[in-house]
Amino acid sequence: MIELENISFSYPDKKVLDGFSLSLNQGEISCLLGSSGCGKTTILRLIAGLEVPGKGRVVLNDIVLSEDGKNIVPPHKRNVGFIFQDLALWPHFTVYKNIAFGLEERKVPDTKERVRKMLDHFSIADLAGKYPHQLSGGQKQLVAISRSLVLEPDVLLMDEPLSNLDVTLNRKILQHIKDLKTSFNVTIIYVTHDHREAFAIANNVVVLNNGKIEDSGNVDHIKNSKNNYLKNFLEY
Amino acid sequence: MTKKYRTSFLHFSLPAVVKWAFVFFVFVPLIYTFILTFTGCEKFLSNFDQLDAVTFLLLLKSGSIALAVALLSTLTGTFLGFLLYKMHIKYGSFFKIVLLIPLFLSPYILAVAWKDLFFMLLGETQFITSVSGLVLVLTTIYAPLAVLITGNALMNIDSQIEESALMISRFGRVFTRIILPLIKPALLSSFVLIFIFSISEFSVPAFFGVKVFTTEIFAQFSAFYNHALAVLQSSLLIIICILLLLGEKNYLSEAPFFSIGSKGTKTRTYHNKKYEPLFLSALILWITISVVLPFLVLFVQAFNGGTSQIVKAFELLKPTFATSFWLSLTGTAITLFIGLTAAYSSVRGTGKANLFDLILLIAFATPSIILGISLIKFYNQPFFNFIYSSYAIILIGYTGKYTFISTKLIANAIRQVPLSLDEAAQIAGISKSSRIRKILLPHISPALFGAFIISFIFNLGELGTTIMVYPPGTEIMPIKVYTIMANAPQALTSSMTLIVFSVTLILIGGFYVTGKKLIKIPQE
């Protein structure tokens with residue numbers, strides 16, 4: 001269970017969340033859906049530990065990760081994966097090294113084997129020696145996913161990972177993401193502004209507007225919601 | 001019948017004319033000097049025996065000093081750059097500006113101040129006029145350059161690249177495995193540039209009386225009139241500088257660190273409340289050592305025996321103010337014109353500007369004293385007498401030294417202006433000159449103004465080239481101070497230096513205030 005309790009958070013020039021609470025179940029794909037600036041990325045960053053709530057607390061599986069301005073568990077000890085919007089592959093590392101880096105840092109003994117397994121799973125073994133600038137958009141996407149999954153995270157956070165892909169590739173990667181839950185038994189929190197993406201993969205959708213939850217529930221519930229904001233949002 | 005679209009001659013030839021003019025007036029003299037080493041009466045082989053062990057030992061000494069300065073400056077600069085550009089530090093913006101002051105002052109000003117400081121603290125001491133003293137002073141002068149270069153690189157690391165690593169590893173590892181490798185080109189460039197500047201530095205070792213390679217070249221040229229040997233030694237130094245530059249030419253030719261108002265990508269900054277007081281103290285300590293203390297010491301020394309020395313110094317310098325001002329202003333106008341033309345054609349043109357960028361970089365990194373010798377050798381001919389015996393030769397020197405900085409400042413600003421702004425105007429049928437004047441220039445005005453201030457201040461303090469080329473009877477501020485400081489009492493030297501220091505700061509302040517009032521940046 002991931003819980004955000006009574007969170008307040010501001011950037012220097014903007015208040016993003018004020019008394020925000022949310023609880024998400026383990027083992028599901030949850031989508032945070034909303035337009036730009038509604039606070040969805042901030043929520044991911046709070047869970048990851050890249051931001052600390054000014055007030056309130058973030059709890060994962062009954063462990064308090066951060067509370068009232070204190071980062072109790074640092075990002076690298078939360079066992080959380082993060083796929084950034086720009087993917088953020090390390091440009092000076094090869095594909096192999098990008099995936100292996102986290103394992104090496106944790107001194108995992110069977111690093112090579114685990115990396116090889118991951119490369120095989122996503123059929124990117126032939127890219128192992130290439131650098132990020134030599135990859136296509138879709139290949140980069142798979143490397144970013146592999147890099148996070150190889151560490152066997154409890155939760156995988158995805159921040160609009162498909163925003164830079166064309167429609168065909170988008171569908172292909174979306175299917176990969178959908179399969180992750182069963183193949184890797186990982187909880188996914190997926191942020192998007194595109195309701196079609198959310199409806200295609202989510203078990204649970206949380207619709208956000210100006211740092212508040214407008215509605216949440218399964219896909220059917222959201223599709224049939226009477227919420228005015230939501231009706232308007234889904235029209236576009 | 002189709003009609004061929006005609007482009008006016010002037011439309012595309014102005015950048016070419018400007019570039020060729022630069023190549024002819026600045027670069028050809030450098031090449032000419034280099035060729036002289038191998039041909040004519042000053043044959044390489046006939047002079048080779050003059051390059052004895054003593055010369056090479058001196059070169060080794062200069063190289064070692066430059067190596068130490070480059071290492072220390074880059075290390076210090078990276079640390080300070082990290083504090084200023086990646087940490088939340090109170091008054092960070094203020095520190096960023098103040099820390100750069102030594103870069104805008106002529107090195108000899110700081111040399112005088114440091115000598116005064118050690119004299120005040122320790123009395124007659126040999127330390128400051130030793131190799132160690134020279135390394136210390138040059139490090140305080142060049143560390144800000146390392147801050148500028150590494151700070152810019154740190155600011156341009158995409159936050160997500162760092163954050164994706166922070167999800168995996170602790171900060172220390174992220175710093176060594178991700179951040180440092182990503183700024184490696186900047187670290188190497190900082191090292192190379194500072195090495196070249198240090199090995200080329202003339203005024204500080206000359207003032208301290210430390211014999212190095214550049215002072216030897218100066219002595220051979222000006223005291224022993226052994227031009228052949230001076231040219232040969234210069235060629236050795238040019239070869240070293242060019243070889244070093246070629247290794248880092250891609251990064252240095254672009255010079256992303258010479259930019260004004262660029263915000264970088266969304267960079268990540270770190271909070272560390274526990275160590276913030278310590279970091280703040282480190283910054284204050286550095287600024288005290290490199291900026292405040294020199295100024296205070298000069299002030300105390302200048303007024304040590306009352307106001308008589310400062311009055312005398314002012315009287316001596318008075319005739320130089322107008323000449324220095326107008327000469328610097330003219331030099332600045334020329335550098336800005338070439339800089340704007342070259343930058344525009346480089347960023348918005350055919351993309352074939354790499355060679356010219358390299359030429360600008362070589363001219364910029366050529367030791368001042370060698371640029372001076374080259375200009376003398378080339379222009380000391382009957383048909384170039386109008387250049388050789390006039391201020392024109394000084395202006396050529398300024399142009400050679402500082403056009404690179406102007407060009408890069410302007411080019412990096414042009415890169416930030418969306419091309420679509422120009423294209424929208426182009427489609428609306430607006431002429432190229434109007435588009436440049438009414439669309440591009442307002443957007444790059446802060447960078448233009450920054451380039452103006454920087455060029456002006458650099459021209460005003462230029463000594464290395466000017467001391468070689470200035471026509472007899474010329475009254476220029478740095479020359480006046482330099483020629484007097486050898487035989488004048490310490491208080492008079494300090495007074496003159498203080499006046500030059502103050503004039504420089506007043507002009508920077510005056511320009512800054514005027515610029516703030518005049519420049520309106522278009523808001524998006």
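In this predicted model, strand β7 of chain A and strand β8 (residues 155–159) of chain A pair in the parallel sense over 4 bridges, where two strands are said to pair if DSSP finds at least two bridges between them. Residues are numbered from 1 along each chain as its sequence is written, and chains are lettered from A and ligands numbered from 1 in the order in which they are written. Because this is a predicted model, local features need pLDDT of at least 70 and side-chain atom pairs count only at pLDDT 80 or more, whereas totals for chains, interfaces and linings use all residues.

**The sheet around β7 of chain A**

Within the pairing of these two strands, F82(A) stands opposite L157(A) in β8(A), and I83(A) stands opposite M158(A) in β8(A). Helix α4 (residues 137–149) of chain A packs on the sheet and touches β7 and β8 of chain A, its direction making about 170° with that of β7(A); such angles run from 0 to 180 degrees between N-to-C directions, with axes fitted to C-alpha atoms, for helices over the stretch in contact.

In a regular strand the side chains alternate between the two faces of the sheet. From β7(A), V80(A) and F82(A) point one way while G81(A) and I83(A) point the other way, and all are buried; a residue is buried if 20 or more other C-beta atoms, placed from the backbone, lie within 10 Å of its own, exposed if 12 or fewer, and partly exposed in between.

The open sheet is formed by 6 strands of chain A in the order β7-β8-β9-β3-β10-β11, with mixed pairing. Since β7 (80–83) and β11 (212–217) of chain A stand at the edges with a single partner strand each, one side of each is left without a neighbour in the sheet. Neighbouring strands of this sheet are turned by 15° against each other on average, direction ignored.

**Pairings of β1 in chain A**

| Strands | Bridges | Sense |
|---|---|---|
| β1(A) (residues 2–11) and β2(A) (residues 14–24) | 7 bridges | antiparallel |
| β1(A) and β4(A) (residues 55–60) | 5 bridges | antiparallel |

A hairpin is formed by β1(A) and β2(A), with 2 residues between them, and the bridge partner of I7(A) in β2(A) is F20(A). Towards β4(A), I2(A) stands opposite L60(A).

**Two helices of chain B**

The axes of helix α13 (residues 227–247) and helix α17 (residues 354–365), both of chain B, come within 10 Å and cross at roughly 135°. That makes α13(B) oblique to α17(B), since angles under 35 degrees count as roughly parallel, over 145 as roughly antiparallel, 65 to 115 as roughly perpendicular and the rest as oblique. In this contact, C241(B), I242(B) and L245(B) of α13(B) meet L361(B), I362(B) and A365(B) of α17(B), two residues being in contact if their C-beta atoms, placed from the backbone, lie within 7 Å.

**Where the chains meet**

The contact takes 14 residues from chain B and 15 residues from chain A. On the side of chain B that touches chain A, the elements giving two or more residues are α8 (159–166) and α9 (171–182) of chain B, and the largest share, 5 residues, comes from α8(B).
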